[in-house]
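Please look over the sequence and the structure shown here before reading the report.

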Amino acid sequence: MSKTITELRADFQHLRRWRKSVEQAQSYTFKAVITVIATGIVGAIWLGIKVVLGK
């Protein structure tokens with residue numbers, strides 16, 4: 001079974017759209033992970049300060 005040029009072009013367009021959505025998801029995931037890590041670090045520092053100050 002051979003595909004026509006039009007079918008191949010449609011397949012490539014679909015792959016391009018899929019790759020873009022995957023890249024966006026990776027970007028969002030990366031930002032979320034960084035946010036969680038930064039929030040955890042800030043929270044840990046804040047708890048450390050509270051313990052040192054005895055409050």
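## Basis of the model

This is a predicted model, in which local features need pLDDT of at least 70 and side-chain atom pairs count only at pLDDT 80 or more, while totals for chains, interfaces and linings use all residues. Residues are numbered from 1 along each chain as its sequence is written, and side-chain values use heavy atoms, with hydrogens and water left out.

## Overall form

The protein chain has 1 helix and 0 strands. Its radius of gyration is 24 Å, well over the 10 Å that the globule rule gives for 55 residues, so the chain is more spread out than a compact globule. That radius is taken over C-alpha atoms, and the globule rule is 2.2 Å times the number of residues to the power 0.38. Along its principal axes, the C-alpha trace spans about 75 × 15 × 10 Å.

Of the 55 residues in the protein chain, buried ones make up 0%. Buried means under 20% relative accessible area, exposed means over 50%, and partly exposed lies in between (1.4 Å probe, protein chains only). The accessible surface of the chain comes to about 5,400 Å², and 69% of this belongs to carbon and sulfur atoms. Accessible areas come from the Shrake-Rupley method with a 1.4 Å probe; for residues, only the protein chains shown count as cover.

## The helix

Helix H1 covers residues 5-53. Helices (H or I, at least four residues) and strands (E, at least two) are DSSP runs, numbered from the N terminus. At 1.5 Å a residue, the 49 residues of H1 should span 72 Å, and the end C-alpha atoms are 72 Å apart, which agrees. The expected span is 1.5 Å times one less than the number of residues in the helix. After H1 comes Gly-54, with a positive phi near 70°.

His-14 has its place in H1 and is partly exposed, at 48% relative accessibility. His-14 and Gln-26 are 12 residues apart in sequence, and their C-alpha atoms are 18 Å apart in space.

## Salt bridges

How many salt bridges are there by the rule used here? The count comes to 2, where a salt bridge is a side-chain nitrogen of Lys or Arg within 4 Å of a carboxyl oxygen of Asp or Glu. One joins the side chains of Asp-11 and Lys-3, at 2.6 Å from N to O. Asp-11 is partly exposed at 31% relative accessibility, and Lys-3 is partly exposed at 48%.

Arg-19 and Glu-23 also meet in a salt bridge, at 3.4 Å from N to O. These two residues are 4 residues apart in H1, so about one helical turn separates them. Arg-19 is partly exposed at 49% relative accessibility, and Glu-23 is partly exposed at 40%. Glu-23 and Arg-9 are 14 residues apart in sequence and 21 Å apart in space, C-alpha to C-alpha.

## A nonpolar patch

Which residues form a nonpolar patch on the surface? They are Val-33, Ile-37, Ile-41, Ile-45, Trp-46, Ile-49, Val-52 and Leu-53, with about 830 Å² of accessible area together. Ile-41 lies in H1. Patches are made of residues with over 30% relative accessible area and no salt bridge; like charges are joined within 9 Å, and nonpolar side chains (Val, Leu, Ile, Met, Phe, Trp, Tyr) within 5 Å.
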